[in-house]
Amino acid sequence: MKKKLVGFFSILVSLSLVLAGCAAPGASTSETIKIGLQAPLTGDFAAEGQWAQQSVEVAAELLNKKGGVLGKQIEIVVVDDASNPKDSALAAQKVIAQGLQQVIASYGSSVTAPAADLYDANKVVSVGYGCTAVRLTMDKQRPYFFRTAGRDDTQSEFFVKFATETLGAKRIAIMHDNQDYGKGVADDAMKFMQPKIDAGEVEIVYFDAITPGESDYSTVVSQIKSLNPDVWFYTAYYSEAALLLKQARDAGVTSIFVGNNSVPTPEFEKIAGVAAIKDSIHLNEPMPQFLAYPESKEFLDAYKAKYNELPGSIWAVYAADALNALAAAITKAGSTDPDQVTSAMRSMTDAKGITGPLLFTDRGDRKDIPYYAYVYNDQGVLELYSK
Amino acid sequence: MSDITRNILERIGRLQAGRDTASNTRRLRIFLSVLVVFMLVFPFLPFVNNYWVDVGFLVGIYALLGLSLNIILGEVGLFNLGQAAFYAIGAYTTAILYNQFNIPILLLLPISALVAGGFAYLVASPIIHLRGDYLCIVTIGIGEIVRITALNNPFGLTNGANGITGIGNPNFGLFAIRTPTQFYYYIWIIVALVILGLINLQKSRVGRAWNYIREDEIAAEANGIDVRHYKLIAFVLGTALAGIAGNIYGSKFMIISPSNFTFMESCLLFVIVLLGGLGSIPGNLLGAAIVVIFPEIFRQFASYRLLFFGAALVIMMVFRPEGILPRRRERGGFNGLGISKIPKDEDALLARAVENAATIAPAQAAAPAPVTARGGGRLSDGSFVLETQHVNMQFGGLMAVSQFDLKVREGQITSLIGPNGAGKTTLFNVITGIYHPSSGKVIFAGEDITSLKPHQIISRGIARTFQNIRLFPSLTCIENVMSGAHCHAHSGLFPSIFHAPGQQREERRILDLASYRLHQVGLWEYRNELAKNLPYGKQKVLEIARALASGPKLLVLDEPSSGLNDAETEELMGLLNKLLAEGFTLLLIEHDMNVVMGISDSVTVMEMGSKVAEDLPDKIYNNPKVIEAYLGKEE
């Protein structure tokens, strides 16, 4: 019996040691500035997590090559949130327990939310990179939370500006599919359009839903044809978009077709065909390869040199920019103190990132986030739209 | 042979008793107190930061979820692979009601349990009779339906894939539970309360009924367990606990989304229960700890962590297929039954039980029939206690029993004989309610019992044994016999959870009765042995003891002597005669002609589903029709 008790205690002690080994030492050390990266390294979005990690590491190397921040090298501490709110809270606790004061977190709005709450309560500056739900910044004020990605309504805001100012449209049709995403984009577009409608500058001639999954959209097409809007904004998915556009062009509809960011895909091109997609315009978050900033080129070159490929998704690039934003704010504040860093984040004017200027609103949203319009050329290849 | 086995069993029994009762309980106590102290001070240990406190919290959540599934899967053996659905319903109930009506989280705790349990009742009622893999598939379906419903955002309530945010903290007056440490204690206090309730429940009539069902559903039903009722109780109770877990989860993480309640989550809970051992509470806690802590430790290996975790599961299941900490019923003796105020010495208990036999055995009070006209006498005109009237039992095109009139006189032994496949067991199944006849009636003590279910029939006073032994193999002998008394007890769920005084009185009576019957058939020394460890002959007798414990007027035995050697058959005949003297009426199916002729008062012969003859034993012997049925027609 004694032997067993001894055995039990030795297991207890060794378990304690394992736990102690996992828990890292307290405050951040003085030689480096440690910045956390919370990413889905396992789970359904493990690829996004890996891309984010690679991008952030490349960005950190670039910063360190230039002498780091405040004369110190940057060290990235990666924690896994498995793309799930429960693990996200645990990951946040891990970051907090390590005494980090800045963290890049995270991918997915519902994954980011619990972590952002914990970071906020513990005064850790967190910058989201793959979380676009409006509520993250608008439901309640989280003083220590920022994001480099746009919001779900950024695209709609951009569309209104693009359609009325760049295209000069007066009569606009908006078509959605009554599903979460498509309806959301359409509703937001209406919201941003409202002042212009009230001012009599534009007219919404059509606002309705199509039924997803059908193969014949001739009724809708003839409706659009008779209305003949200047711009026809389609906010849902690519497969219906391809059929709609093909049938509309065959029927002689000449309105400018504007698709949202889920339309321009290889499948869309294949189903609709070059003739139909020619001159159709699509809105999208620009990948760095489409941007002319020197920072974009520098980042891409370094990334390609290291991994021999382009970043896998725009969100990974936003993660790299989250690091750039934090680095700029720390430099501006002259300290890693969370309160000073947050006020620096809000008042930055000249911080440059891979995806454009890094400016933030009081609520922590990114200001003037670049959103681009692309157009299919005669060969059916996507090009930046320029008038 | 039986002497040798008995000898070995005795030795094993002595060994276990010596090792278990004294040092084992003490060691267990020390271990438990060390564990409790460790858990109490855990948040304040030097290396424990909020991260590990949260891990401790998650172990608590999964322990609660594991316990909730353990009731359904572990205790009753219902394969429920949709437990996450009820967890989700608890969480969504809390989130929606809090956000819409601002109801305090703590008040939502019981409401979440009620909604989850109520929903479980609605969906389980029509499917609870399904067995094994069928139930498994249906519950997977329920799990997916709930998750996808939440994903589709009905009436704008669930907010689709994004989930619901802004769930508040539980408040005790001014004291709010906010920090990881507070949540840690909160969940573990609830887990501790649930465990206390479950331990009491395990050691009660309700818990035993659940285990009887898990071990053998048909035998349980035939021994007076309302199978459907007890399955539903377990299902509703288990899912209500999952609802509580959902409430706590939501208030802790302040966000819930359909991705928390996937099929994988249900599988994980399944793993917790199987890993720990079916129906084992300590095993459950260990399983929860493994399921939460292993992946955390392996997290640094990124994508490989689940591989490690999976490998660890495979290894554990290979080496401990019963689970890591299976429940050991055979240890601890009668103490393990959780009945208060019983004599420490089990033999003293037996002595008391035998002394009070007259008051605890219902059949004896109702034993008026004079034992007359035995053997070569004439058929007495005593009243019929059991009569089947024109019973037909048809399976598809096969007429297994046709127009059968069986008459059993009170206070006699009636034997039913006939060649193999004559339909004898089918007739028994009709009498005991396992089959309902295609037409005809079964009258018992003046009452029409044709359409009653088996558990109702045993409470009317017909108890039976089975041709192929149907004991509850992983339960002890005393627990097996206690099942017989189930139908005359009444304590429900709540008295059982709290071990109320009335419930304890009832349990003591059941134990006395079971002890008396176990002793009567000569198996007292095996009382704490698992039924499956008994030799075949003893198992047959144990089954008779179980039937006797229900205090039946009529005892229906299906081939009691088959597989017994001569000595055992002799003992059996002695026992049956004793029972007759005690006032029981007996109905047998028997092949051993020595037994039939030796003890029967009346013999009915069945062939091809029909009655061939009914007479005194010695007259049956020479009846040409009977000879023809057995040996074929003389040319």
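In chain B, six strands form an open sheet with mixed pairing, in the order β11-β12-β13-β8-β14-β15. Because β11 (462–464) and β15 (610–615) of chain B stand at the edges with a single partner strand each, one side of each is left without a neighbour in the sheet. From one strand to the next, the twist averages 20°. Here two strands count as paired if DSSP finds at least two bridges between them. Strands (E, at least two residues) and helices (H or I, at least four residues) are DSSP runs, numbered from the N terminus.

This is a predicted model, in which local features need pLDDT of at least 70 and side-chain atom pairs count only at pLDDT 80 or more, while totals for chains, interfaces and linings use all residues. Residues are numbered from 1 along each chain as its sequence is written, and chains are lettered from A and ligands numbered from 1 in the order in which they are written.

Strands of a sheet pair through backbone hydrogen bonds, either parallel or antiparallel. At one end of the order given above, strand β14 (residues 602–607) of chain B and β15(B) pair in the antiparallel sense over five bridges. Within this pair, B:Thr604 has B:Glu614 of β15(B) as its bridge partner.

A helix accompanies the sheet. Helix α16 (residues 424–431) of chain B lies across β8 (413–417), β11, β12 (554–558), β13 (585–589) and β14 of chain B. It runs at about 150° to β12(B), where axes are lines fitted to C-alpha atoms, for helices over the stretch in contact, and angles run from 0 to 180 degrees between N-to-C directions. Seven of the eight residues of α16(B) are buried, among them B:Leu427, B:Phe428, B:Val430 and B:Ile431. A residue is called buried if 20 or more other C-beta atoms, placed from the backbone, lie within 10 Å of its own. After α16(B) comes B:Gly433, which has a positive phi near 85°.

Chain B as a whole can now be considered. Its secondary structure comes to 25 helices and 15 strands, and 49% of its 635 residues are buried. The C-alpha trace spans about 90 × 55 × 45 Å along its principal axes. A compact globule of 635 residues would have a radius of gyration near 26 Å, so the 28 Å of chain B agrees with that; the radius is taken over C-alpha atoms, and the globule rule is 2.2 Å times the number of residues to the power 0.38. Of the contacts in chain B with a separation of 6 or more, 76% join residues 24 or more positions apart, a contact being two residues whose C-beta atoms, placed from the backbone, lie within 7 Å.

Chain B is divided into domain 1 (57–324), domain 2 (335–365 + 470–551) and domain 3 (371–461 + 554–635), with bounds from an automatic or database domain assignment. The C-alpha centres of domains 1 and 3 of chain B lie 49 Å apart, and their contact takes seven residues from domain 1 and six residues from domain 3.

In chain A, the assignment gives domain 1 (32–150 + 292–357) and domain 2 (154–284), whose C-alpha centres lie 34 Å apart. Strands β8 (residues 231–234) and β9 (residues 256–259) of chain A pair in the parallel sense over four bridges, and A:Val231 has A:Ile256 as its bridge partner. β9(A) also pairs in the parallel sense with strand β10 (residues 281–284) of chain A, over two bridges.

Methods
A residue is buried if 20 or more other C-beta atoms lie within 10 Å of its own, exposed if 12 or fewer, and partly exposed in between; C-beta atoms are placed from the backbone.
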